[in-house]
Amino acid sequence: MSEESVAAGTAPWATHLGRVAVVTGAARGLGAAIARGLARRGATVVAVDLTAAERTRQEIEEAGGSCVPLTADVSDPAAVRALHEAVLSACGPTDILVNNAGIAGMAKLEDVDFARWRRVLSTNLDSHFLMSSAFAADMREREWGRIVNMSSSAIYTNTRDMTPYLASKAGILGLTSGLANDLASYGITVNAVSPAFTRTPLIDETVADGSMPPGIDALLADEQAIKRVATPEDIVGTVLFLTGDDSAFVTAKFIAADGGYTRIY
Ligand SMILES: NC(=O)c1ccc[n+]([C@@H]2O[C@H](COP(=O)([O-])OP(=O)(O)OC[C@H]3O[C@@H](n4cnc5c(N)ncnc54)[C@H](O)[C@@H]3O)[C@@H](O)[C@H]2O)c1
């Protein structure tokens with residue numbers, strides 16, 4: 001069956017048809033792949049990024065899906081309020097929120113001043129709080145909602161020079177747990193996904209600026225049960241499960257889509 005028929009809702013796997021899904025950091029990398037995946041399942045995707053996610057929109061529309069690119073800095077409270085209004089008027093209330101936008105901000109601890117600490121924490125953690133608070137209002141009213149937050153399997157490792165990043169990604173677990181408690185009675189589930197090292201522009205830039213050594217991808221992949229470097233598409237299926245009806249009784253979970261890099265705890 002064609003992508004067009006999926007978008008039209010005639011295919012049995014159009015599991016997200018009629019849903020409005022907001023994905024942050026959707027111009028590239030994991031966010032773009034997640035946006036494409038949600039659109040393939042029939043959702044109307046709002047692709048949010050600092051600059052217009054035009055390529056994501058083009059890819060989704062070429063496959064017969066629906067995408068509205070909107071720009072916002074999701075770490076800025078006023079920008080998030082304006083974004084919520086813009087999504088309401090463009091697409092109506094939001095059903096699904098994927099908080100994916102994030103930065104690495106790698107640096108030696110002695111070079112981490114308060115400004116750098118705040119930049120990483122506000123982009124990676126404050127944004128998840130701001131977006132969840134704003135968009136949960138739509139979900140509460142309709143008594144159905146899915147929120148997925150993007151953590152990282154790096155929090156379990158001995159990786160150096162990532163203190164603000166690791167603090168932000170571990171903070172997402174506490175936020176996910178709290179939101180799950182507070183939103184469960186409204187039919188809203190809240191979960192976190194943790195990818196392992198995944199080949200994206202973020203990683204290419206971190207290697208290019210010297211804050212991560214070249215060849216690190218192969219070294220880390222060797223620590224996984226599945227010994228290849230992840231691509232953004234490897235993470236999409238987990239997000240699709242957590243944003244659909246099949247995961248209605250799954251909440252406050254931290255699910256690793258990491259090829260077996262981390263183990264059962
Ligand atoms: N790539 C990996 O190996 C890996 C591993 C574990 C977790 N993650 C997490 O997955 C998420 C996506 O990572 P990626 O590798 O695709 O990164 P990426 O840098 O390729 O893409 C991130 C996108 O987020 C956007 N963004 C950044 N700050 C923003 C803001 N304040 N407002 C709106 N948009 C903003 C960027 O413009 C960019 O388009 C991040 O949260 C990252 O920490 C990535």
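Trainee: Which residues are buried in helix α9 (residues 233-242)?

Mentor: Ile-235, Val-236, Thr-238, Val-239, Leu-240 and Leu-242 are buried in α9. Buried means under 20% relative accessible area, exposed over 50% and partly exposed in between, with a 1.4 Å probe and protein chains only. Please keep in mind that this is a predicted model, in which local features need pLDDT of at least 70, side-chain atom pairs count only at pLDDT 80 or more, and totals for chains, interfaces and linings use all residues. Residues are numbered from 1 along each chain as its sequence is written, and side-chain values use heavy atoms, with hydrogens and water left out.

Trainee: What covers the buried residues of α9?

Mentor: The cover includes helix α2 (29-40) and the strands β4 (96-99), β5 (145-150), β6 (188-195) and β7 (254-257). Helices (H or I, at least four residues) and strands (E, at least two) are DSSP runs, numbered from the N terminus.

Trainee: How many helices and strands are there in the chain?

Mentor: The chain has 9 helices and 7 strands. Its radius of gyration is 18 Å, close to the 18 Å that the globule rule gives for 265 residues, so the chain is as compact as a globular protein of that length. That radius is taken over C-alpha atoms, and the rule is 2.2 Å times the number of residues to the power 0.38.

Trainee: What share of the 265 residues counts as buried?

Mentor: The share is 50%. As for contacts (heavy atoms within 4.5 Å), residues 24 or more positions apart account for 69% of those with a separation of 6 or more.

Trainee: Let us turn to Ser-168. Is Ser-168 buried or exposed?

Mentor: Ser-168 is buried, with a relative accessible area of 0%. Its place is in helix α6 (residues 163-183).

Trainee: Which residues is Ser-168 in contact with, leaving aside neighbours within four places in sequence?

Mentor: Those residues are Val-120, Leu-121, Asn-124 and Leu-125.

Trainee: What does Thr-56 touch, not counting residues up to four places away in sequence?

Mentor: Thr-56 touches Ala-26, Ala-27, Ala-32, Ala-35 and Ala-47.
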